[in-house]
Amino acid sequence: MASSADVHVRICEQEIIKFDLEIKALVQDVSECTGPQSKLTDFNFQVKEKFNNLRQRIQDLEQMGKEQDKESDKLTLLNKVEGHRKQMLSNQTAWRKANLACKLSIDKLEKEDLLNSEDMSIRHRKMTKESLAETSSGITESLMSISRMMAQQVQQSEETMSTLATSSRTVLETHEEFKAMTGTIQLGRKLIIKYNRRELTDKLLIFLALALFLATVLYILKKRLFPFF
């Protein structure tokens, strides 16, 4: 039956192997990381935490080896400790290389993104300039169109004013003609009234003359026909 110390040794070794495998997996993640930088920082934080745990368990195993009663068991455990430390150093080296490769990859991608961004910015500025030129041309054309319309409106207004002025003159001339015709009509009316009055007078004089003539003829006839009366 295994002693309590042997159980602790096996548990410690199992944890060392577990941390070693977890570190190897994280180092692989670091080597395949293409960014962003925050993701790499998160991976490195996890790796450091695993290395701290691994280092602590290796020290625990070393202490257990030193406490072994049998010299052979002590040497066996200390040799395992040495092997685990070498493996840990190998993992650290792989971790540094993976970090370097990842940082180079991230820098390359960032430069490409920057160049693409600059290229996009240049194209955007070019498109913006072309758009502004088109917009400016459109505005100029619109202003010219508005100017032509305003010129037409001014010309139409001038023609309308000229027509109104002509119409006004025509109305004034017609008014003057109406005034002249009114004066003529009034004069004719006066003449007609005067003529009518004169005609009435003439008729009255003719009637009186006829009456006088008839009276004279009758008197003469009476004297001749009736001399004794």
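This report covers the fold, the charged pairs, the surface and the annotated spans of a predicted model.

Local features need pLDDT of at least 70 and side-chain atom pairs count only at pLDDT 80 or more, while totals for chains, interfaces and linings use all residues. Residues are numbered from 1 along each chain as its sequence is written, and side-chain values use heavy atoms, with hydrogens and water left out.

## Overall fold

The chain has 3 helices and 0 strands. Read from the N terminus, its elements run α-α-α. Helices (H or I, at least four residues) and strands (E, at least two) are DSSP runs, numbered from the N terminus. Helix 1 covers residues 4–32 and helix 3 covers residues 71–225. Helix 2 covers residues 37–66.

Of the 229 residues, 16% count as buried. Buried means under 20% relative accessible area, exposed means over 50%, and partly exposed lies in between (1.4 Å probe, protein chains only). The accessible surface of the chain is about 18300 Å², and 62% of that belongs to carbon and sulfur atoms. Accessible areas come from the Shrake-Rupley method with a 1.4 Å probe; for residues, only the protein chains shown count as cover.

Contact means heavy atoms within 4.5 Å. Among contacts between residues at least 6 apart in sequence, 72% join residues at least 24 apart.

## Salt bridges

Side chains of opposite charge can pair when their charged atoms come close. A salt bridge here is a side-chain nitrogen of Lys or Arg within 4 Å of a carboxyl oxygen of Asp or Glu. The whole structure holds 9 salt bridges. The table includes some of them.

| Pair | Closest N to O |
|---|---|
| Lys80 and Glu13 | 3.1 Å |
| Asp20 and Lys24 | 2.8 Å |

Take Lys80 and Glu13, whose salt bridge has its closest N and O atoms 3.1 Å apart. Lys80 lies in helix 3 and Glu13 in helix 1, so the pair ties together parts that are 67 residues apart in sequence. Lys80 is partly exposed, at 36% relative accessible area. Glu13 is buried, at 15%.

Arg57 counts as buried at 19% relative accessibility. Glu15 is partly exposed at 27%.

Asp20 counts as buried at 14% relative accessibility, and Lys24 as partly exposed at 34%. Elsewhere, salt bridges that share partners join Glu15, Arg57 and Asp60 into one network.

Gly35 and Pro36 are joined by a cis peptide bond, with omega about 5°. Pro36 lies in the loop between helix 1 and helix 2. For context, most peptide bonds are trans.

Helix 2 has 30 residues, which at 1.5 Å a residue should span 44 Å; its end C-alpha atoms are 43 Å apart, which agrees. The expected span is 1.5 Å times one less than the number of residues.

The buried residues of helix 2 include Leu40, Phe43, Val47, Phe51, Leu54 and Ile58. Glu62 counts as buried at 19% relative accessibility. Leaving out residues up to four places away in sequence, Glu62 touches Leu78, Val81 and Arg85.

## Annotated spans and the nonpolar patch

UniProt positions are given in the numbering used here, feature names are shortened, and annotations may be inferred rather than shown by experiment.

An unreviewed UniProt entry lists a "coiled-coil region" at residues 44–71. In the model, this span is 86% helix and 0% strand, with end C-alpha atoms 39 Å apart.

The unreviewed entry in UniProt also places a "transmembrane region" at residues 204–221. That span is 100% helix and 0% strand, and its end C-alpha atoms lie 25 Å apart.

Phe213, Leu214, Val217, Leu218, Leu221 and Leu225 make a nonpolar surface patch of about 610 Å². Patches are made of residues with over 30% relative accessible area and no salt bridge: like charges are joined within 9 Å, nonpolar side chains (Val, Leu, Ile, Met, Phe, Trp, Tyr) within 5 Å. Phe213 is in helix 3 and counts as exposed at 53% relative accessibility.
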